[in-house]
Amino acid sequence: MRTLIIAEAGVNHNGSLDLARQLIDAAAEAGVDYVKFQTFRADKLVTRAARKADYQARNIGGDDNSQYAMLKALELSPEDHAELISYCAAKGVKFFSTAFDLPSIDFLNTLGPDRKGLPLWKVPSGEITNFPYLRAIGRTGKPVILSTGMATLAEIEQAVGVLTRFGTPRDGITLLHCTTEYPAPKEQVNLRAMVTMREHFGMPVGYSDHTEGIEIPVAAVAMGAAVIEKHFTLDRTLPGPDHKASLEPAELCEMVRQIRHVEAAMGDGVKEPALAERPNIPIARKSIVAARPIAKGELFTDENLTAKRPATGMSPMLWETVIGKTAGRDFEADEAIEL
């Protein structure tokens with residue numbers, strides 16, 4: 001199974017189209033499947049009184065604690081979207097974006113050369129309890145990647161129910177395990193919850209990672225993640241809410257490389273000798289051989305037999321078949337035994 005890798009540029013463009021292009025360059029160089037941005041209008045997303053999350057206040061600093069002002073500076077215009085879609089196509093990486101409000105859902109659903117919108121949706125963790133939002137996504141009938149940060153199994157069940165009730169095929173939903181903190185403490189990631197969701201819902205699962213480093217998403221792939229999402233930036237020291245919990249370009253490249261290696265190592269689960277190891281079977285295994293010279297007519301015993309490489313004679317697993325039999329000829333020390 002090939003893991004879908006989403007490089008989350010998010011709002012790490014800092015409102016700059018040039019910086020957004022550089023992020024696309026880095027994502028394409030890393031070999032990800034999608035580079036994802038965020039589509040929203042601040043006045044549709046938060047009230048003017050909404051405060052920043054603690055991690056946002058920590059990462060940005062300053063005296064202004066307005067979430068609205070922060071988000072307003074990070075909006076991408078319709079023209080920006082068109083430019084980024086075109087630039088992604090030129091760089092050979094797929095454009096993706098998360099809608100955070102109803103008008104943004106409508107807008108993203110009109111993009112693309114055929115004006116039929118993006119081929120799938122990513123529902124962010126914060127919208128998993130937003131009925132009107134889920135209803136709008138469901139009505140498009142497109143596949144959905146549903147992030148489940150902060151959610152219980154019951155809340156996930158409700159969200160899935162809304163999506164499927166209004167048109168999302170149940171087999172078109174992938175659940176992403178997530179810990180919604182930036183950066184997320186590794187001891188609070190609970191990767192086993194991803195497996196719990198797969199078993200409970202019978203759906204593909206993945207992992208949206210907010211930890212520092214790359215080892216946790218790589219481990220998630222080994223545990224069966226069908227999708228990996230990871231924030232990235234050009235420079236973790238840049239100002240902004242998400243830079244500090246993001247990978248830099250070289251780290252993104254290494255994460256993709258390691259994920260592809262883990263995929264190659266997963267195999268089909270059938271326990272049998274691998275093609276590469278078959279030539280080593282006779283070299284590494286042993287045969288029953290004479291521990292000392294054995295005369296014709298002598299009985300084979302534990303004392304005059306031993307097991308040594310190579311495995312070109314009788315297998316030592318036939319030991320009890322050989323013991324007590326009579327030597328049909330003379331055997332030199334180390335000579336393979338024949339009955």
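1. Let's start in a loop. R115 sits in the loop between α6 (102–108) and β4 (121–123). This is a predicted model, so please read each point below as a description of that model. R115 has a positive phi of about 60° although it is not a glycine. Is R115 buried or exposed? With 58% relative accessibility, R115 counts as exposed.

2. A second residue to look up is N14, in the loop between β1 (4–10) and α1. N14 is not a glycine, yet its phi is positive, at about 55°.

3. Now for two helices that touch. Two packed helices are described by the angle between their axes and the distance between the axes. For helix α10 (residues 215–222) and helix α11 (residues 249–266), the angle is about 20° and the axes are 9 Å apart. That makes α10 roughly parallel to α11, since angles under 35 degrees are counted that way. The crossing of α10 past α11 is right-handed.

4. Which residues make the contact between α10 and α11? From α10 come P217, V218, V221 and A222, and they meet M255, Q258, I259, V262, E263 and M266 in α11. Sorted by class, the residues of this contact of α10 with α11 are eight nonpolar, one polar and one charged.

5. Stay with α10 for a moment. Its buried residues are I216, P217, V218, A220 and V221. What do the buried residues of α10 pack against? Their partners are α9 (192–201), β7 (205–209), β8 (227–231) and α11. After α10 comes G224, which has a positive phi, near 105°.

6. Helix α7 (residues 131–140) packs with helix α8 (residues 153–165) at an angle of about 40°, and their axes are 7 Å apart. The two helices, α7 and α8, are therefore oblique to each other. The crossing of α7 past α8 is right-handed. In α7, the residues F131, L134, R135, I137 and G138 meet A159, V162, L163 and R165 in α8. By class, this contact of α7 with α8 holds six nonpolar, one polar and two charged residues.

7. Next, the interior. In soluble globular proteins, nonpolar side chains tend to be buried together. Here the largest nonpolar core has 68 residues, and V32, V35, F37, L146, L175 and F232 touch the most other members. Which helix gives the largest share of this core? Helix α1 (residues 17–30) does, with six residues.

8. F232 deserves a click in your viewer. If you leave aside its neighbours within four places in sequence, F232 is in contact with A7, E8, A9, N12, L23, A26, A27, V35, S246, L247 and L252. V35 in that list is also one of the core residues that touch the most other members.

9. Finally, have a look at two peptide bonds. Y182 and P183 are joined by a cis peptide bond, with omega about -5°. P183 is in the loop between β6 (173–178) and α9. A cis peptide bond also joins R309 and P310, where omega is about 5°. You will find P310 in the loop between β10 (305–308) and α13 (319–322).

Conventions: Residues numbered from 1 in each chain as written. Predicted model: local features only at pLDDT ≥ 70, side-chain atom pairs only at ≥ 80, totals over all residues. Heavy atoms only, no water. Axes fitted to C-alpha atoms, helices over the stretch in contact; angles between N-to-C directions. Helix = DSSP H or I, 4+ residues; strand = E, 2+ residues; numbered from the N terminus. Parallel < 35°, antiparallel > 145°, perpendicular 65-115°, else oblique. Left-handed = near helix turned anticlockwise from the far one by under 90°. Contact = heavy atoms within 4.5 Å. Nonpolar A, V, L, I, M, F, W, Y, C, P; charged D, E, K, R; others polar. Buried < 20%, exposed > 50% of the residue type's maximum accessible area, 1.4 Å probe, protein only. Core = buried A, V, L, I, M, F, W, Y, C linked by side-chain atoms within 4.5 Å.
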